[in-house]
Amino acid sequence: MNRKCSFMFPGQGAQYIGMGKDFFDRYLEAREVYQEAEDILGQNISRVCFEGPESELLKTENSQLAIFLTSMAILKVIYAQFPSLVPAVTTGLSLGEYSALVASKKLIFSEAVKLVRKRALLMNEACLREEGTMSAVIGLDYEQVLKVVSPLESEKVWIANCNSPGQIVISGVKQGIEKASLLLKESGAKKVIPLKVHGAFHSGLMEYARENLKKEIEKVSFSDSSIDIVMNATGNYLESIEHLSELMLKQVVSSVLWQQGIEAIASKGVEYFIEIGPGKVLTGLNKRILKNAQKTISIEKVSDLEFLGNEF
């Protein structure tokens with residue numbers, strides 16, 4: 001193909017019961033993804049994906065794995081149906097970074113499955129060790145929020161996500177978030193909306209998860225490849241494979257610089273963004289981030305493959 005494209009992968013929160021089932025029912029390649037993961041983990045994750053109940057799917061240890069496998073199943077079908085469609089660069093939001101690592105051929109699927117489960121379990125345990133929460137700040141940009149939040153780090157408040165212009169997420173202990181919310185409104189925020197989460201992701205409260213995930217990541221071998229990846233922790237292209245494990249660990253406790261990452265990809269002449277996995281959150285964010293003629297499509301249903309057929 002002639003056009004440069006980027007593959008994007010969603011993170012936690014994109015899950016819903018039945019996601020990926022039409023791919024599972026129609027394509028052997030999709031079924032193989034779930035089967036391989038279940039053989040490795042000894043866990044029937046496809047049942048939780050397709051049947052729920054929602055209370056089980058919403059658990060961090062299940063939702064992260066379910067979203068990852070759904071994204072990987074769809075990706076495998078795309079590669080089988082469109083073998084000439086190779087991305088110039090991949091990226092993923094938080095958990096989605098693991099999907100992006102597989103898609104960029106820097107991490108093999110079997111290793112990624114084990115890391116995703118371990119990451120989810122550790123993040124859940126970190127939430128139980130110290131209670132935290134998150135809120136979305138609407139109407140201020142990253143620098144404006146940073147100016148308010150930086151002095152509050154000693155009170156356990158951090159920026160968790162820079163999603164798009166005017167949409168920043170803060171993370172930390174409840175008391176600190178409440179104080180930050182008042183200060184942000186005084187600084188011009190239109191709204192500060194509490195999120196329905198059970199912990200303070202991408203904050204200093206995740207240090208337990210980072211420390212223990214380090215032991216698991218050190219066991220993994222990464223590969224160099226011709227496909228680039230943009231990392232959450234820097235909002236920019238990975239410069240060297242030697243920095244990969246460090247940036248994966250940093251992501252657990254630091255801000256996800258999503259907007260900056262998408263802007264970095266667009267600056268390299270990428271014309272086409274393809275969101276692969278459940279939901280259309282990243283497609284929506286792209287509409288707010290990108291100001292030029294780049295096109296974004298979402299592939300979450302079998303019927304969406306028709307868009308790829310028309311374009312590529």
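Modeller: Happy to; we will go through some terms one at a time, and please keep in mind that this is a predicted model.

Colleague: Let us start with N163. Why is N163 called buried?

Modeller: The cut-off for buried is under 20% relative accessible area. N163 has 8% relative accessibility, so N163 counts as buried. This residue lies in strand β4.

Colleague: L285 and I289 bring us to helix α13. How do you know that its buried residues line one face of the helix?

Modeller: The buried residues of α13, which spans residues 281-289, are L282, T283, L285, N286 and I289. Viewed down the helix axis, they fall within an arc of 160°, so they line one face.

Colleague: And what do the buried residues of α13 pack against?

Modeller: Their packing partners are β1 (5-9), β4 (157-164), β5 (167-172), α12 (258-267), β9 (272-276) and β10 (295-299).

Colleague: What makes β10 count as mostly covered?

Modeller: Four of the five residues of β10 are buried.

Colleague: Why is β10 called an edge strand?

Modeller: There is an open sheet of six strands with mixed pairing, in the order β8-β7-β2-β1-β9-β10. The strands β8 (236-237) and β10 each pair on one side only, and that makes them the edge strands.

Colleague: How do you know that β9 and β10 pair?

Modeller: Two strands pair if there are at least two bridges between them. β9 and β10 have five bridges in the parallel sense, so they meet that condition. One of the bridges links Y272 with K295 in β10.

Colleague: Why is strand β3 described as largely enclosed?

Modeller: Five of the six residues of β3 (residues 133-138) are buried, so the rest of the structure largely encloses this strand. β3 pairs with β5 in the antiparallel sense over six bridges, and V137 has I168 in β5 as its bridge partner. β3 also pairs with β6 (residues 191-194), again antiparallel, over four bridges. I138 and K191 are bridge partners in that pairing.

Colleague: Which residues touch the most other members of the largest nonpolar core?

Modeller: They are F68, L69 and I274, in a core of 74 residues. Helix α5 (residues 60-81) gives the most to this core, with 11 residues. Another core, of 18 residues, lies apart from it and includes L152, I170, V192 and L257.

Colleague: Which residues does I274 touch?

Modeller: Beyond those up to four places away in sequence, I274 touches C5, S6, F7, M8, L85, I297, I299, L308 and F312.

Colleague: Why does C5 count as buried?

Modeller: C5 has 1% relative accessibility, and the limit is under 20%, so C5 counts as buried. C162 also has 1% relative accessibility, so C162 counts as buried too.

Colleague: How many disulfides are there?

Modeller: The count is zero, where a disulfide needs two cysteine sulfur atoms within 2.5 Å.

Notes:
Residues are numbered from 1 along each chain as its sequence is written. This is a predicted model: local features need pLDDT of at least 70, side-chain atom pairs count only at pLDDT 80 or more; totals for chains, interfaces and linings use all residues. Side-chain values use heavy atoms; hydrogens and water are left out. Buried means under 20% relative accessible area, exposed over 50%, partly exposed in between (1.4 Å probe, protein chains only). Helices (H or I, at least four residues) and strands (E, at least two) are DSSP runs, numbered from the N terminus. The arc is that of the directions from the helix axis to the C-beta atoms. Contact means heavy atoms within 4.5 Å. A nonpolar core is a set of buried Ala, Val, Leu, Ile, Met, Phe, Trp, Tyr and Cys residues joined through side-chain atoms within 4.5 Å.
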